[in-house]
Amino acid sequence: MNTVRRLLKIRTASAGLVLVALLALACVLVPPLLPRGPLQIDLHHRFLPPLSGIHPLGTDEIGRDILARLLAGARTSLLIGLSAMALSTVTGCITGGLTGFYGGWTRIILMRLVDAVLCFPTIFLLLTLASFGQPGAATIIGIVSLVAWMEVSRVVDGQIRALRDREFIVAVEAMGASATHMLLREFLPNIAGAIVVVSTLNVARAILMEAYVSYLGNGIQPPQPSLGNMLNDAQEYLRPDPWLAILPGIVIAIAVIGLNFIGDGLRTALDPRQSNASGSRR
Amino acid sequence: MTDAFVSRLARMAVTLAIVSVTGFLLLHLAPGDPLAQFALSPGMTATQLGAMRHQMGLDAALPLQYLRWLGALLTGDWGRSFRDHQPVLTIILGHLGATLELAGTAALLAIWTGAAAGLYGAFRQGSRADHLITVASIILLSIPTFWFGLVFISLFSVRLGWLPSGNIHTVGAPFSPADYLKHLILPATVLALASAATWSRYTRNAVADVLGQDFIRTARAKGLSPRKIRSRHVLRNALLPMITLAGLQFPTLLSGALVTETVFTWPGIGRLFLDSLEYRDYPVAMGILMFSAVLATAGSIVTDALYTVADPRLRQARP
């Protein structure tokens, strides 16, 4: 409870919460109110500017309603972000927990692997992995989690190793606690904060990755709208209609800025060093 | 010192080995066929295709193909492109210059503006400017690079007509430095934006960390001027984490250039890489992968070396 109160006190964090909440609400509540769906073509009304008649944000190159498409794209992005976060957090916690706790060869192998994968340009991984599956939301969730779990794993591993030698852990171990008990009851509550921070930032990262992959043409496929492939389409029409490029970028920015603000605020709110005035350094 | 260096080199070799195996498997197992482009040409028979496949060595078992590729690489032969049969190394070096010019300019821009903003924020912690810089950095980091590219093109090229929207120089015109600079401004700025934000955040935290330490209070207590404290004590100590960042940013500049080069049709390594992926040009793609992996690992070794230069404590032999 204390953390929530501290979080809300940080101005950027509460602004982030508001941004993300508004965007999520808009994705759910607004589409049923719109007269046109995101896929409805109307060749008589192409390239309408924002604020024209029944199209609050105008229409695209084949007369589809931009607001409807933006909201559909944002919903896909949020879903991809949340699912990829869930998958990568679970995988990262399990692998990082095991390597941090048991160490040994598994740890050396895993960390070498993580080092090597971090050597690849992210775009290369995203694009090659994307070509393995049917392009679509499920594939993107899969590949983004494949790239993102390592960071969670590193954080969990590092935190557990930092805690291993602390007195309370040694004491619990000496009392004969089982590995499961130690991991779930002793370590987990102590590193939950760090996990929450990485996971929040990972939602933001997943949304950005979707935009990159779809922009380069390997993600969500047209006619299904996504914030990334809308930007790809817009590239050809910068001259007649720059709005087509500007608007999807703003929606991506709202989502990612909001999430980054929340993640950043959480890091501050969960940091015990920040909780009261200086002096209590440990 | 030498022991540490040797063990670093060994770790680098292991990392590179993993990168090469994973990259090779990913590329070759991904659906798509390097011969697809030839299969479409009229009069191409199945026998001819089979002969080409054999000539490219694509009909061998995957582990054998990998060993052949690795063996050739170790003797300095990077292979030849499937597309135009040029040596891979020649192709890569031919595109490297453009990328280095773009990424180098962007890095300079990013480091100067980012570090300046970070220093300013750290020395005036909690001020309005500090908050503004922090918020602006997060915003810059939250927006995909290519969006800035599109918006800049739409504003400065399409609307105002000030700067060209792509390519490295005007097609058909003789080379001139002014023309080249004009083409460089937009892509370099776009590429610099996100990394300037990273630099500003990082510098601010590093300097703020140093400012909170006891020896700074001591320096202040013994009456050193704030200017001297900043230049002698703070900057020198904040340099270490900044060197780390420079090492970490090195490989990301290349992959950042990938998207920027696509948006601005810049003839560099990034676009070459995307093209080679699209055409399943395995030798070129593998060449670029290994090239950037070597740069990334070498970057971290250079970082370590710079560490010892910047930090006298590390100069003594380590226990």
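In which helix of chain B is B:Phe38 found? B:Phe38 is found in helix H2, residues 36-39. The views below are close-ups of a predicted model.

View 1. B:Gln249 lies 211 residues from B:Phe38 along the chain. The C-alpha atoms of these two residues are separated by 39 Å.

**View 2. Buried B:Ser81 in a loop of chain B.** The loop runs between helix H4 (62-74) and helix H5 (88-123). B:Ser81 has a relative accessible area of 3%. That value is under 20%, so B:Ser81 counts as buried. The side chain of B:Ser81 makes a polar contact of 2.7 Å with the side chain of B:Asp281. B:Asp281 is also one of the residues that B:Ser81 touches, when residues up to four places away in sequence are not counted.

**View 3. Buried A:Asp60 between two helices of chain A.** A:Asp60 lies in the loop between helix H2 (11-29) and H3. Its relative accessible area is 5%, and A:Asp60 is therefore buried, the cut-off being under 20%. A polar atom of the A:Asp60 side chain lies 2.8 Å from the backbone nitrogen of A:Arg64. A:Asp60 touches A:Arg46, A:Phe47, A:Ile66, A:Arg69 and A:Leu244, with residues up to four places away in sequence not counted.

**View 4. A nonpolar surface patch on chain A.** Four residues make this patch: A:Val90, A:Ile94, A:Leu98 and A:Tyr102. The patch covers about 410 Å². One of its residues, A:Leu98, lies in helix H3 (residues 66-102). A:Leu98 has 42% relative accessibility. This falls between the cut-offs of 20% and 50%, so A:Leu98 counts as partly exposed.

**View 5. Two cysteines of chain A, A:Cys27 and A:Cys93.** Are these residues buried or partly exposed? A:Cys27 is buried because its relative accessible area, 5%, is under 20%. A:Cys93 is partly exposed, with a relative accessible area of 23%. A disulfide is a covalent bond between the sulfur atoms of two cysteines. A search of the whole structure finds zero disulfides over all chains.

Definitions and conventions. Residues numbered from 1 in each chain as written. Chains lettered and ligands numbered in written order. Predicted model: local features only at pLDDT ≥ 70, side-chain atom pairs only at ≥ 80, totals over all residues. Heavy atoms only, no water. Patch = residues over 30% accessible without salt bridge, like charges linked within 9 Å, V, L, I, M, F, W, Y side chains within 5 Å. Areas by Shrake-Rupley, 256 points an atom, 1.4 Å probe, with all protein chains shown as cover. Salt bridge = Lys/Arg side-chain N within 4 Å of Asp/Glu carboxyl O. Helix = DSSP H or I, 4+ residues; strand = E, 2+ residues; numbered from the N terminus. Buried < 20%, exposed > 50% of the residue type's maximum accessible area, 1.4 Å probe, protein only. Polar contact = N/O pair within 3.5 Å; in protein donor to acceptor, adjacent residues only side chain to side chain. Contact = heavy atoms within 4.5 Å. Disulfide = S-S within 2.5 Å.
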